[in-house]
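Hi,

Here is the structure we talked about handing over.

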Amino acid sequence: MNNGPLRVTGKIELVDTDGNAFDTKQTFSLCRCGLSDNKPFCDGSHKGKFESTVRAEE
């Protein structure tokens, strides 16, 4: 999402560097700004404080 989190949809397993799995739902958002108190998940802390618009290159 522009100026916000990375939205993930689908049945995936999200694990930390030690291989521990996070509980996830079918759709969830990952923090990109580093301000979330609920990392790796987004808690909305980025609003008005983070700007990033990323596009894939061909």
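A quick word on terms first: a strand here is a DSSP run of E of at least two residues, with numbering from the N terminus. With that in hand, Ser29 sits in strand S2. Keep in mind that this is a predicted model.

Ser29 is the residue I'd start with. Its relative accessibility is 13%, so it counts as buried, since the cut-off for buried is under 20%. The side chain of Ser29 makes a polar contact of 2.7 Å with the side chain of Arg7. Leaving aside residues up to four places away in sequence, Ser29 touches Pro5, Leu6 and Arg7, along with Pro40, Phe41 and Cys42.

Now the cysteines. How many disulfides does the structure hold? The count is 0. For Cys33, the nearest cysteine sulfur belongs to Cys31, 3.9 Å away, and a disulfide would need the pair within 2.5 Å. Cys42 is in no disulfide either; the nearest cysteine sulfur to it is that of Cys31, at 6.2 Å. As for accessibility, Cys42 has a relative accessible area of 23% and is therefore partly exposed. Cys33, at 22%, also counts as partly exposed.

Last one: is Lys47 buried or exposed? Lys47 has 62% relative accessibility, so it counts as exposed. You'll find Lys47 in the segment after strand S2, which spans 27–30. Between Lys47 and Cys33 there are 9.7 Å in space, C-alpha to C-alpha, and the two are 14 residues apart in sequence.

Cheers

Key
Residues are numbered from 1 along each chain as its sequence is written. This is a predicted model: local features need pLDDT of at least 70, side-chain atom pairs count only at pLDDT 80 or more; totals for chains, interfaces and linings use all residues. Side-chain values use heavy atoms; hydrogens and water are left out. Helices (H or I, at least four residues) and strands (E, at least two) are DSSP runs, numbered from the N terminus. Buried means under 20% relative accessible area, exposed over 50%, partly exposed in between (1.4 Å probe, protein chains only). A polar contact is a pair of N or O atoms within 3.5 Å; within protein, one must be able to donate a hydrogen and the other to accept it, and residues adjacent in sequence count only if both atoms are side-chain atoms. Contact means heavy atoms within 4.5 Å.
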